[in-house]
Amino acid sequence: MLNLNNCHIPARPNTRESAIATAGQDLNQLSVKQISLKTGEVLSGRIHAELETVLVLLEGELTFNVGGTDYYMVRSSPFDDLPEALFLPAGCEWSITTTALRCSRVISCDVAIQNTGENTHSPLAICKGDITTLERGRGSYLRRINNIIGESFPARKLLCGETLNPPGNWSSYPPHKHDTDVPGLESVHEEVYVYSVAPSPGWGYQEIYSPKHGKSMVWRVKHGDACLIPFGYHPVVAAPDYSLHYFWVLAGESRKLMMNEDPHFSPSL
């Protein structure tokens, strides 16, 4: 039985590296961390051979060093600049060092992949020019999407991107879900949201509801909060006068995300 009482993970601003989700904690595939680095701070680590990983810069300026190669990234903020990211494929062990050139916030996402012995390719830097942007919806549910890792990207399970809600607007609307395997109609993908809000202090609301599980819950979300989405419909709304941005990452056996909208609401545009 999944415990939705633990699905909302509040921010821990005094913790440099906050684990958002781990295997066995409501999500089976995704492990996500939110990392805050001060100017001049160095963080070292190793990526296991059976994980594929993406490191996404939410804001700041830093250099990743992987296998002796430097990857420089900079982003003014999640609200007025496009993301940059580094993808580390499964099949190799990577030693990584991060040096912050100014205060930075990074999301690290891992998905367990069975190691087939294939050395797929080298790390892939995802630059601003690689990001696909689009608008979705209309009126009070118009929002902007930044696709970082899409279906055609050479990942095995990962999909990720960002959504930006203008003040007072909804997203993930009409409500959709992706928790049931229905060939050609719906895929199974678990998901994590990580929120940014401007100006501070600001907030939004996140709902998860599932007739199948008999659940309906709403959380007030603030800058740095996260939400695990193991199942159910999951609409989001920004409070008036506050822009709401959230990074989203999905993991599933299929590279094609098929979302099933709540039939009680009109089709999305």
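**Why these labels?**

Buried residues make up 52% of the 269 residues in this protein. The model is predicted.

Reader: Why is Ser-172 called buried?
Author: Its relative accessible area is 4%. Buried means under 20%. Ser-172 is therefore buried.

Reader: Where is Ser-172, and what is its phi?
Author: Ser-172 sits in the loop between E13 and E14. Its phi is positive, about 50 degrees, although Ser-172 is not a glycine. Pro-174 lies in the loop between strand E13 (170-171) and strand E14 (176-177). A cis peptide bond joins Tyr-173 and Pro-174, with omega about -5 degrees.

Reader: Why is Asp-241 called exposed?
Author: The relative accessible area of Asp-241 is 64%. Exposed means over 50%. So Asp-241 counts as exposed. Asp-241 belongs to the loop between strand E21 (236-238) and E22. Its phi is positive, near 75 degrees, and Asp-241 is not a glycine.

Reader: Why does Ser-254 count as partly exposed?
Author: Its relative accessibility is 30%. Buried is under 20% and exposed is over 50%, with partly exposed in between. Ser-254 therefore counts as partly exposed.

Reader: Where does Ser-254 lie, and how far is Leu-158 from it in space?
Author: Ser-254 is in the loop between strand E22 (243-251) and strand E23 (260-261). Its C-alpha is 9.5 Å from that of Leu-158, while the two are 96 residues apart in sequence.

Reader: Which peptide bond involves Pro-199, and where is that proline?
Author: A cis bond joins Ala-198 and Pro-199, with omega about -5 degrees. Pro-199 lies in the loop between strand E17 (190-198) and strand E18 (204-210).

Definitions and conventions
Residues are numbered from 1 along each chain as its sequence is written. This is a predicted model: local features need pLDDT of at least 70, side-chain atom pairs count only at pLDDT 80 or more; totals for chains, interfaces and linings use all residues. Side-chain values use heavy atoms; hydrogens and water are left out. Buried means under 20% relative accessible area, exposed over 50%, partly exposed in between (1.4 Å probe, protein chains only). Helices (H or I, at least four residues) and strands (E, at least two) are DSSP runs, numbered from the N terminus.
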